[in-house]
Amino acid sequence: IGIGRYGRLPESVSLRYPATDVIAMRALLVERFGFRPDRVVALTDEEATRAAIERAIASIPATGRALIYFSGHGFHDQKRDLTYLLPFDAEMQDASTTCIALRDLRDKFDDLSANKVVTILDACHSGGIKIQGTKGVEESPYQYYLDAFEQAEGRPMLLSSDQSEVSWEMANGQNSVFTHFLIKGMSGDADFDGDGVVGFSEASRYVEQRVPEY
């Protein structure tokens, strides 16, 4: 999911790179990791309404595996102590019904039957989501990506910012800072132990190092 333009928000809040973030992530999944193209659902800008996003999450097969990726705006409501992701049709004066509360998103993930769900949020304040009782995928010594993924279970999340932080776009480039380094890490730069597998913890460690440095 990548949202740079918003239908009901001022033009001044537009972002440059969410759509290209999604294109780059899709290419990585299909060309490097062998995801079937027809199994990758890409929602950008006006396609990424709240209803469309919720339908896409609900369509994940009961026994399947899923990677959920979001690039766009997030904000933290101090009064309600709630963090939201903004879909294309978000209205700030009615956030509770037009935006996606991360608390509600957590509940939707808990309801998924799929036993392997990786969530990556590239948005401001994305650390406002608090997952209770989840288990991160540990680094695997398996030789092939597929073997590692087949053995791993859980609902790990990789977040671009803490609840009080913002995420940045690159001054010169084609992606957000977080997604730029995420893709570099997943493409092999994060293979710290040299086993040919970029584990979830390796990808997390890589972006935790490189993003603040940048």
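Let's start with helix α2 (residues 50–58), whose buried residues are A52, I53 and I57. Here, buried means under 20% relative accessible area, exposed means over 50%, and partly exposed is in between (1.4 Å probe, protein chains only). Those three sit on the same side of α2, because they cover an arc of only 135° around the axis, taken from the directions from the helix axis to the C-beta atoms.

This is a predicted model, where local features need pLDDT of at least 70, side-chain atom pairs count only at pLDDT 80 or more, and totals for chains, interfaces and linings use all residues. Residues are numbered from 1 along each chain as its sequence is written, and side-chain values use heavy atoms, leaving out hydrogens and water.

**Around α2**
- R55 and A58 are exposed on the other side of α2.
- The buried residues of α2 pack against β4 (100–101) and α4 (102–111), with contact meaning heavy atoms within 4.5 Å.
- Helices (H or I, at least four residues) and strands (E, at least two) are DSSP runs, numbered from the N terminus.

**Confidence**
- The protein's mean pLDDT, the predictor's confidence in each residue from 0 to 100, is 78, and 77% of its residues reach 70 or more.
- Among the elements, α2 has the highest mean pLDDT (93), while helix α5 (residues 145–151) has the lowest (46).
- Over residues 127–150 the pLDDT is below 50, though this stretch has 51 contacts in the model beyond near neighbours in sequence.

**Cores**
- A nonpolar core is a set of buried Ala, Val, Leu, Ile, Met, Phe, Trp, Tyr and Cys residues joined through side-chain atoms within 4.5 Å.
- The largest one has 31 residues, and I53 and L85 have the most contacts inside it.
- At least two residues of this core come from each of α2, β1 (65–71), β3 (82–85), β4, α4 and β5 (116–122).
- Leaving aside neighbours within four places in sequence, L85 touches residues including F70, C99, I100, L105 and L121.
- There's also a second, separate core of 19 residues, which includes M25, F181, L182 and I183.

**Cavities**
- On a 1 Å grid over the protein atoms alone, a cavity is a set of points where a 1.4 Å probe fits but cannot get out, and lining residues have an atom within 4 Å of a point.
- The lining of the largest cavity includes I53, I57, L85, I100 and L105.
- α2, β1 and α4 each give two or more residues to that lining, and β1 gives the most, with three.

Note on methods
On a 1 Å grid over the protein atoms alone, a cavity is a set of points where a 1.4 Å probe fits but cannot get out, and a pocket is an open set with protein on both sides within 12 Å along at least five of seven lines; lining residues have an atom within 4 Å of a point.
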